[in-house]
Amino acid sequence: MEKNNISSLDEFYFYIGEKRSRLDILVTKIKNSLEKERAASTLTIEEVLKKKEEKKKEGKNDFGIVIDGINNTLIRFAKCCTPLPGDEIGGFVTKLTGITVHRKDCPNFHAMIEKDPSREILVKWDENLIETKMNKYNFTFTVVLNDRPNILMEIVSLIANHKINITSLNSYEVKKDGDRVVKVKISIEIKAKTEYDYLINNILKLKDVISVER
Ligand SMILES: [Zn+2]
């Protein structure tokens with residue numbers, strides 16, 4: 001009791017009373033927040049379905065792409081140009097696969113919409129999703145270089161330093177303007193064009209790297 005500087009029994013009871021009321025407030029607070037949590041987690045099936053439906057109405061999907069007025073659409077990224085968030089994109093409607101998303105500057109895309117303009121569809125990146133950087137995209141690029149010992153190791157460790165996952169890598173020799181050069185085809189998982197640009201900038205700084213092709 002001395003520790004708390006309480007000198008009389010009255011004061012002691014007062015002190016206990018004070019403590020109690022503070023404790024009561026705390027308990028009420030915890031109770032309230034628990035109830036709130038419970039309310040959030042016990043959505044009825046109808047509510048969950050409604051939420052899903054609302055999401056669908058916005059035309060959103062896991063690819064991070066928004067298409068006005070279209071629900072449940074099959075979307076895939078064109079292999080010819082593998083668009084990344086940040087690239088300008090366009091969609092092409094195909095009978096079998098749904099919508100294929102290309103980069104706006106993809107020559108294939110241009111050829112296709114020239115042939116059948118009615119199949120072009122407006123698509124755009126879902127900015128919210130891009131900002132949270134939840135999505136990862138498989139992306140392949142090619143590094144052209146003069147062969148020398150360790151160059152591959154340097155590229156791989158550079159990519160690893162950027163905390164980017166490599167999913168495949170293969171290299172082959174080609175002739176370029178009479179010289180033998182090596183092309184290294186690298187597939188990575190990446191979140192956005194900005195991330196790619198940053199990485200490529202650093203790869204180009206490596207000795208004996210000639211160019212990088214998307
Ligand atoms: Zn394309």
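This is a predicted model: local features need pLDDT of at least 70, side-chain atom pairs count only at pLDDT 80 or more; totals for chains, interfaces and linings use all residues.

Visitor: How many bridges pair β7 and β9, and in which sense?

Guide: Strand β7 (residues 137–145) and strand β9 (residues 179–190) are antiparallel and pair over nine bridges; two strands count as paired if DSSP finds at least two bridges between them. Strand β7 is also joined to strand β10 (residues 209–213), again antiparallel, by four bridges.

Visitor: And how many helices and strands does the protein come to?

Guide: The protein has six helices and ten strands, where helices (H or I, at least four residues) and strands (E, at least two) are DSSP runs numbered from the N terminus.

Visitor: What does β8 form with β9?

Guide: They form a hairpin with two residues between them, and Asp177 in the turn has a positive phi of about 50°. The two strands pair in the antiparallel sense over eleven bridges, and one of the pairs sets Tyr172 against its bridge partner Lys183 in β9.

Visitor: How many residues of β8 are buried?

Guide: The number is zero out of the twelve residues of strand β8 (residues 165–176), so the strand lies largely in the open. A residue is called buried if 20 or more other C-beta atoms lie within 10 Å of its own, exposed if 12 or fewer, and partly exposed in between, with C-beta atoms placed from the backbone. Of the 214 residues of the protein, 16% count as buried.

Visitor: Is Arg180 buried or exposed?

Guide: Arg180, which has its place in strand β9, is exposed, because 10 other C-beta atoms lie within 10 Å. Leaving aside neighbours within four places in sequence, Arg180 is in contact with Glu173 and Lys175, a contact being two C-beta atoms, placed from the backbone, that lie within 7 Å.

Visitor: Which residues make up the largest nonpolar core?

Guide: There are twelve residues in that core, including Leu84, Phe139, Leu145, Ile190 and Tyr196. A nonpolar core is a set of buried Ala, Val, Leu, Ile, Met, Phe, Trp, Tyr and Cys residues joined through C-beta atoms within 7 Å. Strands β7 and β9 and helix α6 (193–203) are the elements that give two or more residues to this core, and the largest share, four residues, comes from β9. Apart from this core lies another, of seven residues, among them Ile65, Ile89, Val101 and Val123.

Visitor: Changing topic, in what order do the strands of the open sheet of four come?

Guide: The order is β2-β4-β3-β5, and the pairing is mixed. Strands β2 (75–77) and β5 (120–121) stand at the edges with a single partner strand each, so one side of each is left without a neighbour in the sheet. Strand β2 and strand β4 (residues 98–103) pair in the parallel sense over three bridges, and Phe77 has Val101 in β4 as its bridge partner.

Visitor: Which helix lies across β3, β4 and β5?

Guide: That is helix α3 (residues 107–115), which runs at about 50° to β3 (89–94); axes are lines fitted to C-alpha atoms, for helices over the stretch in contact, and angles run from 0 to 180 degrees between N-to-C directions.

Conventions. Residues are numbered from 1 along each chain as its sequence is written.
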